Amino acid sequence: MHVHMEKTINAPADVVWRWLGPEFANIDTWSSFVKTSIPLTAHDAPATVAPAAPVAGRETTTKATLREFITAYSDAERRLTFDAAGLPPIVRRGRNVQSVRDNGDGTSTLVFEIDFDFRGPFKVLGPIMRRRMATSLGGVQDDLRSHAEAQVARSGGEVGRG
């Protein structure tokens, strides 16, 4: 199952990227969906992590606890990929590619590309899970938008149009 989500943010790409990439482990400081988040080391990872990443991953607590490990990371491209561990047994794999695109007018676009592979007969849950993910991850995107736009406003910077 694949979900593509985009959100325009009235803040420069570097501001948005700071919270998405370099501050990856601190998602609990800006997301109302995440109660706690702690950084993880490469020693904690079940697979190879991206050496350029600021941390190997994070353990987040929402309604459940999830571990997300960064497998690809580029500050230059403002793009990272993370794989999730600790998913329900019906999920074979969960991967999220997140990026920030500079719109050139003081705004940016936050992009989430989410892929979940379900085991066997559970593939029929795809449409239900797509709706749930759109709601929860849409909320995460809204939280990041609010956080970045507030940061720009506090800094006296001009918030772009979008």
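Good morning. The lining of the largest pocket divides into 21 nonpolar, eight polar and five charged residues. Here Ala, Val, Leu, Ile, Met, Phe, Trp, Tyr, Cys and Pro count as nonpolar, Asp, Glu, Lys and Arg as charged, and the others, Gly among them, as polar. The model is predicted: local features need pLDDT of at least 70 and side-chain atom pairs count only at pLDDT 80 or more, whereas totals for chains, interfaces and linings use all residues. Residues are numbered from 1 along each chain as its sequence is written, and side-chain values use heavy atoms, with hydrogens and water left out.

Let me stay with the pocket. A pocket is an open set of points on a 1 Å grid over the protein atoms alone, where a 1.4 Å probe fits and protein lies on both sides within 12 Å along at least five of seven lines; lining residues have an atom within 4 Å of a point. How much space lies in the largest pocket? About 930 Å³, where the volume is the space filled by probe spheres set on the points, which are joined across faces, edges and corners. Its lining has 34 residues, and Phe33, Leu66, Leu87, Phe116 and Ser136 lie nearest the centre. Two or more lining residues come from each of strand E3 (57-61), E4, E5, E6, E7 and H2. Helices (H or I, at least four residues) and strands (E, at least two) are DSSP runs, numbered from the N terminus. Helix H2 gives the largest share of this lining, six residues.

I turn now to the interior. In soluble globular proteins, nonpolar side chains tend to be buried together. A nonpolar core is a set of buried Ala, Val, Leu, Ile, Met, Phe, Trp, Tyr and Cys residues joined through side-chain atoms within 4.5 Å. Buried means under 20% relative accessible area, exposed over 50%, and partly exposed in between, with a 1.4 Å probe and protein chains only. Which members of the largest core touch the most other members? Among its 33 residues, they are Phe112 and Ile114. Strands E1 (2-9), E4 (65-74), E5 (79-85), E6 (91-102) and E7 (108-118), together with helices H1 (13-20) and H2 (126-154), each give two or more residues to this core. A second, separate core has five residues, including Leu40, Ala45, Val49 and Phe69.

Contact means heavy atoms within 4.5 Å. Leaving aside residues up to four places away in sequence, Ile114 touches Met1, His2, Val3, Met5, Arg95, Asn96, Met133 and Leu137.

Helix H1 deserves a moment. Six of its eight residues are buried, so H1 is largely enclosed by the rest of the structure. The buried residues are Ala13, Val15, Val16, Trp17, Trp19 and Leu20, and what covers them includes E1, E4, E5, E6, E7 and H2.

Next, the strands. Two strands pair if DSSP finds at least two bridges between them. Strands E1 and E7 are antiparallel and pair over eight bridges, with Met5 the bridge partner of Phe112 in E7.

Thr62 is in the loop between E3 and E4, and it is buried, with a relative accessible area of 17%. Phe33, Val34 and Lys35 are touched by Thr62, residues up to four places away in sequence not being counted.

Seven bridges join E4 to E5, also antiparallel, and Phe69 stands opposite Asp83 in E5. This hairpin has four residues between its strands. Most residues other than glycine have a negative phi. Arg78, in the turn, has a positive phi of about 50°. Arg78 is also buried, with a relative accessible area of 18%.

Finally, Ser146 in helix H2 is partly exposed, with a relative accessible area of 43%. Ser146 and Ser31 are 115 residues apart in sequence and 9.6 Å apart in space, C-alpha to C-alpha. Thank you.
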